[in-house]
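Please read them with the model open.

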Amino acid sequence: MSVVSVINYKGGVGKTTVTANLGADLAARGRKVLLIDLDPQASLTYSFYRPADFTEQPTIRSWFEAFVAADAPEPLGKYVLAPLAVNGIVQPLGGQLHLIASQLGLVDVDLDLAAGLGGSRFQRNSPRYLRVYRLLAEALTDQVFNGYDAVLIDCAPNFNLVTRTALVASDHVIVPARPDYLSTLGIDLLRTRLSTLVDEYNSVAEQPINPEIIGVVYTMVQYTSTGPLLTQRTSVETTSEIEMPVFRQTIRDNKSAITEAGQRAIPAVLAPPGSPAVETLRYELQQLTSEFLARTRI
Ligand SMILES: Nc1ncnc2c1ncn2[C@@H]1O[C@H](COP(=O)(O)OP(=O)(O)O)[C@@H](O)[C@H]1O
Ligand SMILES: [Mg+2]
């Protein structure tokens with residue numbers, strides 16, 4: 001089982017779109033996939049459920065809250081959902097897509113977890129530090145998760161404690177980004193924060209972690225008749241200057257295809273045959289999955 005965090009400081013860069021489609025396409029290729037929505041905005045959850053169909057289901061917020069209240073984690077397995085629409089497509093293909101959902105109140109969990117640690121800064125001697133940072137990693141060692149090939153975690157656009165539990169649990173990290181100069185600077189900062197986290201964690205942990213950034217995925221790339229906009233090509237080149245791995249496949253700005261898919265509770269990569277815009281998006285997303293598989297060897 002491989003755990004992958006999808007992260008960027010910025011919102012609106014395509015994290016959720018990449019997570020949902022990568023997960024769905026892996027499942028359509030016969031893999032058993034678990035998606036975890038760690039963003040209080042819950043967009044990943046609503047990629048698989050129409051709001052009217054998502055009412056009473058348990059969410060990761062309650063799981064974290066139960067830990068804060070009882071100082072002991074509940075089994076995470078009972079929070080796993082199997083969204084109907086997408087599984088109707090991927091199960092006949094031998095795959096499976098499960099989801100641990102999110103909900104708005106997850107924002108407060110960050111404050112509660114930090115309060116329990118006496119602040120969000122690293123404290124070498126805090127006996128609780130490892131327990132809190134390892135919460136998700138530990139929960140995923142439960143044998144109910146043995147059958148999954150991949151766990152993809154859609155992180156919130158921050159570096160708070162909940163996000164850090166995802167990074168500590170991860171083997172790989174994917175960074176969706178828009179191809180503009182500021183975003184490129186943000187990526188460099190993210191890499192610095194990640195390596196600080198890893199160094200601090202490994203200085204107190206018995207089992208070192210080594211989450212590896214496998215690539216930046218450029219999304220919402222704008223094309224002209226001669227290819228990607230020149231300014232955007234420049235920022236893609238800047239990424240290679242800061243020596244970050246970059247996915248060769250980019251996802252172009254394709255509002256109409258995204259909108260068409262958005263209303264079905266099924267990610268765009270699994271949309272029924274449609275307009276050229278839909279087919280272009282599907283092709284790019286599938287190429288991204290292939291590249292992901294090559295990079296992770298899942
Ligand atoms: N390739 C794309 N072309 C056009 N719109 C996109 C594309 N990818 C995502 N979007 C839209 O942009 C918005 C932000 O994407 P999302 O994946 O939710 O980003 P994040 O999770 O980083 O906040 C959403 O409304 C989404 O539907
Ligand atoms: Mg999102």
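Which helices each supply at least two residues of the shell around ligand 1?

1. They are helix H1, spanning 15-28, and helix H11, spanning 255-262. The model is a predicted one. H1 gives the most to the shell, with 3 residues.

2. The shell around ligand 1 holds 14 residues, and the closest are Gly12, Lys15, Thr16, Thr17 and Asn254. By class, the shell divides into 6 polar, 4 charged and 4 nonpolar residues.

3. For threonine 17, an N or O atom of the side chain is 2.5 Å from a ligand oxygen. For threonine 16, the corresponding side-chain distance is 2.8 Å. Glycine 14 makes its contact through the backbone, where an N or O atom lies 2.9 Å from an oxygen of ligand 1. Taken alone, ligand 1 exposes 550 Å², and the protein buries 79% of that.

4. Lysine 15 deserves a separate look. This residue is found in helix H1 and is among the closest to ligand 1. What is the nearest side chain of opposite charge to lysine 15? It is aspartate 39, 5.5 Å away. Lysine 15 is buried yet has no salt bridge, because a salt bridge requires a side-chain nitrogen within 4 Å of a carboxyl oxygen.

Definitions and conventions
Residues are numbered from 1 along each chain as its sequence is written. Chains are lettered from A and ligands numbered from 1 in the order in which they are written. This is a predicted model: local features need pLDDT of at least 70, side-chain atom pairs count only at pLDDT 80 or more; totals for chains, interfaces and linings use all residues. Side-chain values use heavy atoms; hydrogens and water are left out. A residue is near a molecule or strand if one of its heavy atoms lies within 4 Å of it. A polar contact is a pair of N or O atoms within 3.5 Å; within protein, one must be able to donate a hydrogen and the other to accept it, and residues adjacent in sequence count only if both atoms are side-chain atoms. Accessible areas come from the Shrake-Rupley method with a 1.4 Å probe; for residues, only the protein chains shown count as cover. Helices (H or I, at least four residues) and strands (E, at least two) are DSSP runs, numbered from the N terminus. Ala, Val, Leu, Ile, Met, Phe, Trp, Tyr, Cys and Pro count as nonpolar, Asp, Glu, Lys and Arg as charged, and the others, Gly among them, as polar. Buried means under 20% relative accessible area, exposed over 50%, partly exposed in between (1.4 Å probe, protein chains only). Lys and Arg count as positive and Asp and Glu as negative; His and the chain ends are not counted.
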